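Here is a short briefing for a first look. Keep the sequence and the 3D view open while reading.

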Amino acid sequence: MSLVSHWMHVDLFTVEQAAALWAGFDPARISPAKSLRPSEVVAAIQMITAGIVGKEITADSTGNGFSIIGDYSTSLVSRADLEAFGRKRSMFPAFLFDTLAPFESSGTQFPMSGQPLVATVQVAAPIAAPNRGGRPAEHDWNTFTMEIIRKANQPDGLPETQAELVREMLMWFQEKYGREPADSAVKDRISKIYRYLHEAKNPVG
């Protein structure tokens, strides 16, 4: 199970944890020294703090004596508030939302070395968002998902097994982009599709 999958079961986060995950970093690998934090995490802390100050996010600062001076780093925020905050801004970080819905605009995965683990997921919009710079997505997961939808709408539908679709999509990446992501990244996304389809066909109760 990936790091993000573990955090998807957590309902309360410190602002520091939420900001690290929002920016795609492992909270355990973020330095406690503010000056050494990645700029993406600093920006996410500031964004969440603005949400707290603006009453969009309710923070429990019972154990945080620094909240009186506006430092909410160790205050607790709920998953529900963070999800609502993200939806309002059309931002869908992977630790809060299913990485297949809405469509991903990026899905870069990095090794466990203090670098980003999973890039923030943002919803596809009818009008292209302006280029704000930064590292481009390594793989086009948005088009990947739409290609699977296209396959599902063909007369033969999707393959019977996940493994077959994984092979097909790895080949699709190679043919379309001349390179392919890690097998695990493709398997993770495809397994969610097959699990959802299985549960839809066999509802509990």
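The points below cover helix pairs, nonpolar cores and a few single residues. The model is predicted. Two helix pairs are described: helix 2 with helix 3, and helix 5 with helix 6. The largest nonpolar core has 26 residues, and a second, separate core has 15.

**Helix 2 and its surroundings**

- Helix 2 covers residues 15-22, and helix 3 covers residues 39-53.
- Helix 2 is mostly covered, with six of its eight residues buried.
- Those buried residues are Val-15, Ala-18, Ala-19, Ala-20, Leu-21 and Trp-22.
- Just after helix 2 comes Gly-24, with a positive phi of about 90°.

**Helix 2 against helix 3**

- The two axes come within 8 Å and cross at roughly 125°.
- Helix 2 and helix 3 are therefore oblique to each other.
- Helix 2 passes helix 3 in a right-handed crossing.
- From helix 2, the contact uses Val-15, Glu-16, Ala-18, Ala-19, Ala-20 and Trp-22.
- From helix 3, the partners are Val-41, Ala-44, Ile-45, Met-47, Ile-48 and Ile-52.
- By class, this contact of helix 2 with helix 3 has 11 nonpolar residues, no polar ones and one charged.

**The nonpolar cores**

- In soluble globular proteins, nonpolar side chains tend to be buried together.
- In the largest core, of 26 residues, the most contacts inside it belong to Phe-13, Trp-22, Ile-48, Val-77, Leu-82 and Phe-95.
- Helix 2, helix 3, helix 4 (79-88) and strand 4 (91-92) each give this core at least two residues.
- Helix 2 supplies the largest share of this core, six residues.
- Leu-82 touches Phe-13, Ala-18, Trp-22, Ile-48, Ile-57, Val-77, Phe-95 and Leu-96, leaving aside neighbours within four places in sequence.
- The second, separate core of 15 residues includes Val-166, Ala-185, Val-186 and Ile-193.

**Helix 5 against helix 6**

- Helix 5 spans residues 141-152, and helix 6 spans 162-177.
- Their axes come within 11 Å and cross at roughly 125°.
- Helix 5 and helix 6 are therefore oblique to each other.
- Their crossing is right-handed.
- Helix 5 brings Trp-141, Thr-143, Phe-144, Glu-147, Ile-148 and Lys-151 to the contact.
- Helix 6 brings Leu-165, Glu-168, Met-169, Trp-172, Phe-173, Lys-176 and Tyr-177.
- By class, this contact of helix 5 with helix 6 has eight nonpolar, one polar and four charged residues.

**Lys-151, a residue of helix 5**

- Lys-151 lies in helix 5.
- Its relative accessible area is 17%, so Lys-151 counts as buried.
- Lys-151 touches Gly-157, Leu-158, Leu-165, Glu-168 and Met-169, not counting residues up to four places away in sequence.

**Glu-180, a loop residue**

- Glu-180 sits in the loop between helix 6 and helix 7 (183-201).
- Its relative accessibility is 36%, so Glu-180 counts as partly exposed.
- Glu-180 is in contact with His-139, Leu-170, Phe-173 and Gln-174, leaving aside neighbours within four places in sequence.
- Glu-180 and His-139 are 41 residues apart along the chain, and 7.8 Å separates their C-alpha atoms.

How values were computed
Residues are numbered from 1 along each chain as its sequence is written. This is a predicted model: local features need pLDDT of at least 70, side-chain atom pairs count only at pLDDT 80 or more; totals for chains, interfaces and linings use all residues. Side-chain values use heavy atoms; hydrogens and water are left out. Axes are lines fitted to C-alpha atoms, for helices over the stretch in contact, and angles run from 0 to 180 degrees between N-to-C directions. Helices (H or I, at least four residues) and strands (E, at least two) are DSSP runs, numbered from the N terminus. Angles under 35 degrees count as roughly parallel, over 145 as roughly antiparallel, 65 to 115 as roughly perpendicular and the rest as oblique. A crossing is left-handed if the near helix is turned anticlockwise from the far one by less than a right angle, and right-handed if clockwise. Contact means heavy atoms within 4.5 Å. Ala, Val, Leu, Ile, Met, Phe, Trp, Tyr, Cys and Pro count as nonpolar, Asp, Glu, Lys and Arg as charged, and the others, Gly among them, as polar. A nonpolar core is a set of buried Ala, Val, Leu, Ile, Met, Phe, Trp, Tyr and Cys residues joined through side-chain atoms within 4.5 Å. Buried means under 20% relative accessible area, exposed over 50%, partly exposed in between (1.4 Å probe, protein chains only).
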